[in-house]
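Let's take a look at this structure together. Grab the 3D view and keep the sequence handy.

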Amino acid sequence: MSSRRNFLLQTALGVAATTMAPFAATSAFAKDKATGNQVKGQLPVGMAGYTFAKFDLDQAIAIMNRVNIKYISVKDIHLPLNSTPEKIQEVLGKFAAAGIKVYAVGVIYMKTKKAVDEAFEYAKRVGVPLIVGVPNPELLDYTEEKIKSYNIRLAVHNHGPEDALYPGPKNAYDLIKNRDERLGLCLDIGHATRAGEEPSKAILAYKNRIFDLHIKDVSVAAKDGKAIEIGRGVIDFKKLVSALDKINYQGVCAIEFEKDMSDPLPGIAESAGYFKGVINTVNS
């Protein structure tokens, strides 16, 4: 417990410095000029939009500003799939004004070909290169056709032991590993842990097929594991970050906080501070 307190103190000091120096924080996400890839060891921290399911768009942006997180995978809660161009412009404009980049849309569930069509048209209108989605397995051939047609990547999301389709990332990976390289995974590390897959091992196993991450912690590595603040549960985040560094992960680490969803700010702040502290510690 003493070591955890010391780590949290160091993390709090680091977050405070980041808050007071936003331009320095932004530079941490710089791209290598020669390759265009993220600088090794510098992981962008974002938010999964479902975190803000009980808040309107302005409230969600306000919370993100409070914790200085500048990337979001936007959910249809705040930008419906049938949004008009005017609505899309309004929502994207609010994020842009706050300095927040919408890097993906989702999670989007796709049980029919029509739903697949709608998802890709939606992503095209929003102007993002990535869909976080759950196409039914029998629709993967059709989904792959759309990926080739639109040149928009799709990351299949795993949803834990309760999910009949993709409980763990391996269930999705085995179905997509020989398909178009733009069809990959959104690795939800909490659900993976509950489904019996250790996240750092999954990262090393699936490597460049991991397009997105949903970052969270769980109380136990079992079906009945509950969402908890990052660093208080069973996931080894130092191993996770080290694995991401080894594969030179090119995506965003999107925190999805599913505890206290009516009052998530304290938990998001603690989780973001802890996770950023781990990143700084591993790469110092």
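Start with Glu258 and Lys216, whose side chains form a salt bridge, 2.8 Å from N to O. Glu258 sits in the loop between strand E10 (253–255) and helix H11 (265–282), while Lys216 sits in the loop between strand E7 (210–215) and strand E8 (217–218), so the bridge ties together parts 42 residues apart in sequence. Keep in mind that this is a predicted model.

Are the two partners buried or exposed? Glu258 is partly exposed, at 27% relative accessibility, whereas Lys216 is buried, at 5%. The two also belong to a network of salt bridges that links Asp188, Lys216, Glu256 and Glu258.

## Two more pairs

How many salt bridges does the structure hold? The count is 16. One of them joins the side chains of Lys94 and Asp58, at 3.1 Å from N to O. This pair links distant parts of the chain: Lys94 is in helix H4 (residues 85–97) and Asp58 is in helix H3 (residues 57–67), 36 residues apart. Lys94 is partly exposed at 29%, and so is Asp58 at 44%.

Now try Asp174 and Lys170, which meet in a salt bridge at 2.6 Å, N to O. Both lie in helix H7, 4 residues apart, or about one turn of the helix. Asp174 is partly exposed at 34% relative accessibility, and Lys170 is partly exposed at 43%.

## Helix H6 and its cover

Helix H6 (residues 140–150) has buried residues, including Leu140, Tyr142 and Ile147. Among the elements covering them are helix H5 (113–126), strand E4 (130–135) and helix H7 (169–176). After H6 comes Asn151, with a positive phi near 55°.

Notes: Residues numbered from 1 in each chain as written. Predicted model: local features only at pLDDT ≥ 70, side-chain atom pairs only at ≥ 80, totals over all residues. Heavy atoms only, no water. Buried < 20%, exposed > 50% of the residue type's maximum accessible area, 1.4 Å probe, protein only. Helix = DSSP H or I, 4+ residues; strand = E, 2+ residues; numbered from the N terminus. Contact = heavy atoms within 4.5 Å. Salt bridge = Lys/Arg side-chain N within 4 Å of Asp/Glu carboxyl O.
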